[in-house]
Amino acid sequence: MEEEDSSGGAEALQLSVDRSSPVPLYFQLSQQLEAAIEQGRLAPGSLLGNEIELAGRLGLSRPTVRQAISSLVDKGLLVRRRGVGTQVVHSQVKRPLELSSLYDDLEAAGQRPATQVLRNTTELATAEVAAALGLSEGAEVVLIERLRLAHGEPMAHLRNHLPVGLLKLDSAELEDTGLYRLMRAAGITLHSARQAVGARAATAEEGEQLGEPEGAPLLTMERTTYDDTGRAVEFGSHTYRASRYAFEFQLLVRP
C-alpha cells in the first residue's frame, strides 16, 4: 500500500494505491478522485496539478496517472487547461429514483440549481398527455417548459403538463424554486408516481439547449404524479445530459 497527500485546490486529499490488488492502479486513482469530486472535497475549479506532478506525488508512472485523468475527462468531471493543469469542472448528479424534484435533488447535492422558464402557457392536450392526466384529448392543460441549470451549466430540459385550475404558477416563482415545492405550498399532497426511464440521442435543437453535440446520449424520464386522492396532478417529460446525470436504483431481493 502506498499513500501520499495530494493537494487539490483548497484541500489536501489522502490518496492511496494498493499494488497487491488486482484492480488496475489507474482505476483505483480515478475512483478516489471521482469520489472526492462527488463528495465535494474537490470543488468545481479545484486544481489537481499536471500529470508529472501527480505522478511524482503518488509514486506512479505518468501513463497510469494520464489514464486515470483521461477517464474522468471523458466523464466530464475534469478538464485539462494548458498552462494551468487539470481542473475539476463539476460532479455528475446521481439522482435516486424517488418522488422528489430535480431542484431539491440538485440543492441537496450542493449543485446550486437555477431555472430558465422557456414557456408557461396553456395548450390542448395530446392523446399522450390526456391519457396521463385522465382528461379528454384536446382538453386545455397547463404547459411549463424549463431549462434547469447547475453551477451555471445546462443540466436538463423539463416539460410538465398540469390540469388547468390546479394552482397558479408564476414564472418568477418557477425560476426561484421547484415545481413540487410550489405544489406543496398550494396544499397539494404528492403521494405517488409512475415513472419510465430511457435514453436516446440528442437532436440538434436539444444539443444546442443542453450544451451537447448533436447525437450525444440523453437520459429521458416520463413521470405521472398523483395526489393523496389518486388524482393525476402532473405529467413530466424530461431529458437530461447523460454526461452530467445518472439515475440510481436500489434493488431488493423479493422474500
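Exposed residues are those with over 50% relative accessible area, and buried residues those under 20%. The close-up views below are of a predicted model.

**View A. Helix α3 has a buried side and a side turned away from it.** Thr 64, Val 65, Ala 68, Ile 69 and Leu 72 are the buried residues of α3. Seen down the helix axis, these buried residues fall within an arc of 125°, so they line one face of α3. An α-helix has 3.6 residues a turn, so residues three or four places apart point the same way. Exposed Pro 63 and Asp 74 are carried on the face turned away from the buried side. The cover over the buried residues of α3 includes α1, α2, β4 (78-81) and β5 (85-88).

**View B. The largest nonpolar core contains 19 residues.** Within this core, Leu 29, Leu 33, Leu 42, Val 65 and Leu 78 touch the most other members. Two or more residues come from each of β2 (11-17), α1 (25-38), α2 (51-58) and α3 (62-74).

**View C. Strand β9 (residues 153-163) pairs with β8 and with β12.** Of the 11 residues of β9, 9 are buried. Strand β8 (residues 140-150) runs antiparallel to β9 and is joined to it by 10 bridges; Arg 148 has Ala 156 of β9 as its bridge partner. Strand β12 (residues 232-241) is also antiparallel to β9, with 6 bridges between them, and Phe 235 of β12 is the bridge partner of His 161.

**View D. Strands β8 and β9 form a hairpin.** The two strands have 2 residues between them, and His 151 in the turn has a positive phi of about 55°.

Terms used:
Residues numbered from 1 in each chain as written. Predicted model: local features only at pLDDT ≥ 70, side-chain atom pairs only at ≥ 80, totals over all residues. Heavy atoms only, no water. Core = buried A, V, L, I, M, F, W, Y, C linked by side-chain atoms within 4.5 Å. Buried < 20%, exposed > 50% of the residue type's maximum accessible area, 1.4 Å probe, protein only. Helix = DSSP H or I, 4+ residues; strand = E, 2+ residues; numbered from the N terminus. Pairing = 2+ DSSP bridges. Arc of directions from axis to C-beta. Contact = heavy atoms within 4.5 Å.
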